[in-house]
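Please read these comments with the sequence and the structure open side by side. They are arranged as numbered points.

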Amino acid sequence: MKAVDAGPGAPMSPRSFAIAHQRPKSSFLGCSKITDYEILGKLGEGTFGEVHRAQSKKTKAHVALKKIIMHNEKDGFPITALREIKLLKLLSHQNVLRLEDMAVEHPARTDKRKRPIMYMVTPYMDHDLSGLLDNPTVHFTEPQIKCYLLQLLEGLRYLHENHILHRDMKAANLLINNKGILQIADFGLARHYEGPTPKPGGGGGEGRREYTSLVVTRWYRPPELLMSLKRYTTAIDMWGVGCVFGEMLLGKPILTGESDGHQLEIIFDLCGTPTEETMPGWKSLPGAEALSPRPRPGNLSQRFREKGSGAISLLRELLKLDWRARVNAHDALQHPYFRNAPLPAQPGDLPMFEESHEFDRRKFHDRKAALPPAPKGGTVGRGVLDSNSGPNSGFNTGEGFHGRNGANGSRYPRNGPPPPPPGERRPAWQRDRDRDLPPRPPVPHDYANGWDGAADHPDSYRGRGRDGPPRGRGGGGGAREAPADRDFYYPSYDREGGGGRREPPRDDRRRHDWDDRHHDWDRRRIDYDDRSRNSRTRSRSRSPVVRDRDRDRDYRR
Ligand SMILES: Nc1ncnc2c1ncn2[C@@H]1O[C@H](COP(=O)(O)OP(=O)(O)OP(=O)(O)O)[C@@H](O)[C@H]1O
């Protein structure tokens with residue numbers, strides 16, 4: 001499909017974008033029944049749903065089914081999921097995951113739930129990059145890294161030229177098949193971008209309007225977002241590409257911050273402390289006011305010295321502190337790194353690997369599984385973990401409409417992760433390997449705090465509703481109910497002595513005021529925590545978010 005650029009002066013509205021991007025009708029099946037697919041096993045558990053592998057009974061093609069879970073049946077089909085579906089239906093590029101069908105599962109007669117469960121159907125991909133990199137038997141060669149990176153940049157150039165911000169660029173969202181094709185997945189946070197599309201030689205350019213800065217998973221979050229820039233650009237995705245590139249080079253994530261403050265610190269360690277030269281105007285960013293980082297030159301060349309000057313040079317371009325000067329996808333594709341030996345491999349020449357998905361590592365390795373997770377929310381929550389059931393569990397069992405079940409909404413029960421289900425796919429290499437990494441970072445607070453999206457355009461692909469106070473349900477560890485007319489998820493902080501999250505008033509003009517008041521309220525909650533617990537209790541019981549904020553405060557001091 002031809003990229004459509006309305007030109008710098010005339011950004012496209014989501015509606016005109018949709019009209020300009022109609023995919024041929026034949027490329028989308030429509031709505032099938034879940035019984036048209038044979039479920040083969042669980043592939044992943046994202047923030048917003050579970051992903052299962054299945055085979056189409058008609059075509060025999062292997063597919064992935066992403067279950068759209070709803071916390072509350074009465075909330076209806078989540079509008080943010082609708083937006084993700086709508087966007088995915090428009091996109092058509094070799095390096096962007098394609099939505100092929102929607103499948104519906106009607107509840108059994110005996111089932112209490114009334115609404116059907118919907119599944120998004122995409123082609124099955126053998127790996128996600130995160131899972132693949134975690135496999136100790138897999139070692140990427142330089143031509144292979146170049147091949148994946150080229151495909152990632154092609155996919156991103158397509159998205160950016162079409163005014164789409166992905167906003168959750170990370171290795172786990174890059175799917176790879178055994179034909180060597182890489183595809184960008186998970187458009188749950190993507191949105192229409194109203195700024196000018198990046199121009200050759202023009203970096204990311206200047207942002208035109210404000211969006212929420214609480215997007216992108218922490219390890220992949222660029223410094224400008226960590227410092228709360230709201231007028232950001234497509235350059236936020238390019239930072240994520242830099243992190244993924246570094247991760248492919250080193251075989252593990254390169255910036256594994258334990259809190260937002262720590263994340264900034266390690267970015268400064270790598271890229272140098274910002275100055276007016278390297279990041280003009282950084283001091284006036286809202287999140288930088290209290291920062292006085294110790295000066296350091298950055299150690300990028302040192303850390304990647306074995307990877308060659310070409311890789312270092314491209315990495316430097318992608319990990320530029322100054323988002324305006326950060327290389328865009330178009331220019332990155334022209335970087336000499338791809339023209340110098342060893343040349344990029346062709347996808348078809350790449351070796352085949354044992355299938356690997358992030359979920360396997362999370363379930364069997366990652367300490368994240370055992371931690372109380374950061375509050376997560378958004379469109380759809382987490383179903384009950386089908387730990388002790390077969391691969392088809394969750395299908396016609398009614399799980400799709402369950403709420404979250406663990407402490408603080410953990411995907412796991414309070415006592416930590418369950419034992420692996422009998423017979424579930426489990427690559428041998430994942431049983432005996434523990435990597436020395438901190439727990440995976442939480443998804444952006446944005447997912448959790450419905451109000452953050454309020455800064456976004458109403459047409460945002462992940463915009464949030466805004467009116468009315470939430471109806472709290474209280475009770476430790478549970479989710480708070482969202483108002484029926486909205487697709488919010490309110491994580492509960494009751495155990496922390498706070499209440500649930502609140503959301504901004506409907507009136508846009510009051511939104512920013514509200515945000516400020518909300519932050520005050522947040523701070524008060526942290527103070528409350530400090531006062532009300534001795535330090536030992538606190539370190540045991542504070543949620544990661546509150547802990548992060550305390551740590552951030554210390555860093556900022
Ligand atoms: N088409 C697919 N083929 C194979 N595996 C897939 C596919 N789609 C998703 N997965 C697996 O499921 C995981 C979660 O999928 P996805 O990122 O779309 O869900 P999410 O709920 O939005 O997750 P996140 O928490 O990252 O936002 C992926 O990391 C991947 O391992």
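The points below go from the whole chain to single elements and residues.

1. The model is a predicted one. The protein has 557 residues, and 48% of them are buried. Its secondary structure consists of 15 helices and 11 strands. Of the contacts between residues at least 6 apart in sequence, 71% join residues at least 24 apart.

2. In the model, lysine 66 belongs to strand β4, which covers residues 62-68. Is lysine 66 buried or exposed? Lysine 66 counts as buried because 28 other C-beta atoms lie within 10 Å, where the cut-off for a buried residue is 20 or more. Leaving aside residues up to four places away in sequence, lysine 66 touches Gly49, Val51, Tyr119 and Met120.

3. The three-stranded sheet. β7, β9 and β10 form an open, antiparallel sheet, in the order β7-β9-β10. The edge positions are taken by β7 (127-128) and β10 (182-184); each has a single partner strand, so one side of each is left without a neighbour in the sheet. Between β9 (residues 174-176) and β10 there are three bridges, in the antiparallel sense. In one of the pairs, leucine 175 has glutamine 183 of β10 as its bridge partner. Helix α4, residues 142-161, packs on this sheet and touches β9 and β10. The direction of α4 makes about 35° with that of β10.

4. Helix α9. Which residues of α9 (residues 309-318) are buried? They are Ala311, Leu314, Leu315 and Leu318. Viewed down the axis of α9, these buried residues fall within an arc of 100°, so they line one face of the helix.

5. Leucine 250. Leucine 250 is classed as partly exposed because 14 other C-beta atoms lie within 10 Å, a count between the limits of 12 or fewer for exposed and 20 or more for buried. How far apart are leucine 250 and histidine 139 in sequence and in space? They are separated by 111 residues in sequence, while their C-alpha atoms are 9.9 Å apart.

Technical notes. Residues are numbered from 1 along each chain as its sequence is written. This is a predicted model: local features need pLDDT of at least 70, side-chain atom pairs count only at pLDDT 80 or more; totals for chains, interfaces and linings use all residues. Helices (H or I, at least four residues) and strands (E, at least two) are DSSP runs, numbered from the N terminus. The arc is that of the directions from the helix axis to the C-beta atoms. Two residues are in contact if their C-beta atoms, placed from the backbone, lie within 7 Å. Two strands pair if DSSP finds at least two bridges between them. Axes are lines fitted to C-alpha atoms, for helices over the stretch in contact, and angles run from 0 to 180 degrees between N-to-C directions.
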